[in-house]
Amino acid sequence: MSTTNQALADWVKEIAEHTQADQIYWCDGSDAEDKKFNELLLADGSYKQLNPETHPNCYLHLSDPQDVARVEHLTFICTEQEADAGPNNHWMAPDEAHSKIDDLFKGCMKGRTMYVIPYCMGPIDSPISRCGVEITDSAYVVQNMRLMTRMGQAALARIEREGGFVKGLHSTGELDPERRFIMHFPEELTIKSYGSGYGGNALLGKKCHALRIASYQAKTEGWLAEHMLILGIKTPAGKQHYVAAAFPSACGKTNLAMLIPPEGYVKDGWEISTVGDDICWMRPGEDGRLWAINPEAGFFGVAPGTAKDTNPNALAMLYQDTIFTNVAETEDGQPWWEGLDDRTPKTDWQGRPYDPANGPAAHPNSRFTVSAKRCPSYSSESESATGVPIDAIVFGGRRASLVPLVAEARDWEHGVLMGATVASETTAAATGAVGVVRRDPMAMKPFCGYHFGDYWGHWISMQEKASRLPKVFTVNWFRKDEQGQFMWPGFGENMRVLEWIIGRCQDQLDANETAIGMLPSRDDINTKDLDMDLNVLDELLAVDQQAWQNELSSVDAFLQGYGERVPAALFKQLRRISDQLD
Ligand code: GDP
Ligand code: PGA
Ligand code: MN
């Protein structure tokens, strides 16, 4: 295979020379190729075959113990002007960044094969989709990209038709955290990633292209590239709605996207379908609504906590054709993680005999990679070239206190403020301390490819680009009581909150106006068969005036930190809330 796209052919040749790759292999995306790569990974020890009777075509990959999550301190946005990257990003001048990372790439593929992966983010025939090419020396990355994107022949044909593509260069290198960089050049539509094989660092179509580079393109072209799941909700009356929701990594996107409603809802005829679980590209349509696609074709989900009673749809897809990374293994070769069931695994995520003294058996950020088509709730609309129209946008995070179960923004600008000031406790999805509250605007802190001030301005400007924007909400599933227990049952029960959100979109359910937004009272939430103390629900829907005053001071200081580029509208919204608090 080769290509008629001269720019692509030249770039591949240049990289092959620089990295001194032994061979160049163009991925065609065929089943035969898939089989060949699995065999290769088994043969070189990168894969372990899991029990073929219970888990046909499933593989276990154990990574280097120092390479298990995204590395935000080594991730750079390299724009010509430092100010354009903003305080939200680490910045390096493009020249310096290229020279630093090109040194690492020099000769790094000597004696190895260089894989060329043409891929398309989004349905092959959608005008909203965009293509890229990842060059990598990792067959494990190829197999993940095969599940996560539309890759191979068809993507290459689209690139040859259209011309343009995002360039991504990746090498696992020595896996030395001292020699690891994830560099983005939004102005050149280029990504260079060295020294890590972990999903968010190495599957360049995902966070690197579909969020960091695409957010920059979206700003320039008038659309939105967001860290959001997309979910379909069909009401008993047969009306189809779509919700997009942004939560930080490991804060419940995959779970919400695949939610199974409580029994009573299913009986009444409610249906949930999954369009996407991590990334959403939205564009204003001719009807003034935002139309969204999921640019991905698979799920790269957090394994721990995935179980029959929390996320049965996710569990159901994991018995076949799945790559498991850094999970534990049972005696009979089945994948295992904390929360799955009460079996004791035989070996842990580092391949050692399991010993609780060594910590969890599966790494807290262990993952599964699986095709979206294996998900029982996968929506056929996910393949639609026009995308789906979004009725509601939801922002959320992990907040043990303060933030209510659900609140609705008064208007678009208030909604942008809500999104811009979401805070969440950090998780194992990135290296560093876990459980520290930090602001994570629109869940994009690690993923926005440009200055947050400009990004919020872009969000506000959508008012001029789309006349029928979605309603905006915040949710918080993670409030804790004094004993440290979650106060809200979460998971499937989150359907009750979704019902209120849809009811609000249809102007059918009530809300109380409070300083921080429109909140339901207990009676506005469907509590039929809900197994919880309803006084606790009242607590989850209360507004603590003093605590919110403190929060507003912290929000004010946070926004000030982004300087002059922060839209004045956000400060205006903040003053309005402050004036309304007692
Ligand atoms: P993502 O990385 O944003 O897609 O997050 P996931 O959906 O994979 O969830 C991350 C972790 O949060 C998992 O351990 C889930 O079991 C847990 N989780 C997800 N939804 C809920 C919820 O509604 N309540 C609680 N308590 N935990 C949740
Ligand atoms: P997620 O992201 O936790 O949002 O699924 C994957 C990643 O961190 O690479
Ligand atoms: Mn996820």
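Predicted model: local features only at pLDDT ≥ 70, side-chain atom pairs only at ≥ 80, totals over all residues.
Local features need pLDDT of at least 70, side-chain atom pairs count only at pLDDT 80 or more, and totals for chains, interfaces and linings use all residues. Residues are numbered from 1 along each chain as its sequence is written, and side-chain values use heavy atoms, without hydrogens and water.

Start with the salt bridges. The term means a side-chain nitrogen of Lys or Arg within 4 Å of a carboxyl oxygen of Asp or Glu. The whole structure holds 32 of them.

One of them pairs Arg180 with Asp67, with 3.7 Å between the closest N and O atoms. This pair links distant parts of the chain, 113 residues apart. Arg180 lies in the loop between strand 9 (166-171) and strand 10 (181-185). Asp67 lies in the loop between strand 3 (59-61) and strand 4 (75-77). Helices (H or I, at least four residues) and strands (E, at least two) are DSSP runs, numbered from the N terminus.

Is Arg180 buried or exposed? Arg180 counts as buried because its relative accessibility is 2%. Asp67 is buried too, at 3%. Buried means under 20% relative accessible area, exposed over 50%, and partly exposed in between (1.4 Å probe, protein chains only).

Next comes Asp278, which meets Lys207 at 2.8 Å, N to O. Asp278 sits in the loop between strand 15 (271-276) and strand 16 (280-284), while Lys207 is in helix 8 (residues 205-221). They are 71 residues apart. Asp278 is buried at 6%. Lys207 is also buried at 6%.

Glu513 and Arg410 form another salt bridge, at 3.6 Å between the closest N and O atoms. Glu513 belongs to strand 29 (residues 512-514). Arg410 is buried, at 18%.

Key. Chains lettered and ligands numbered in written order.
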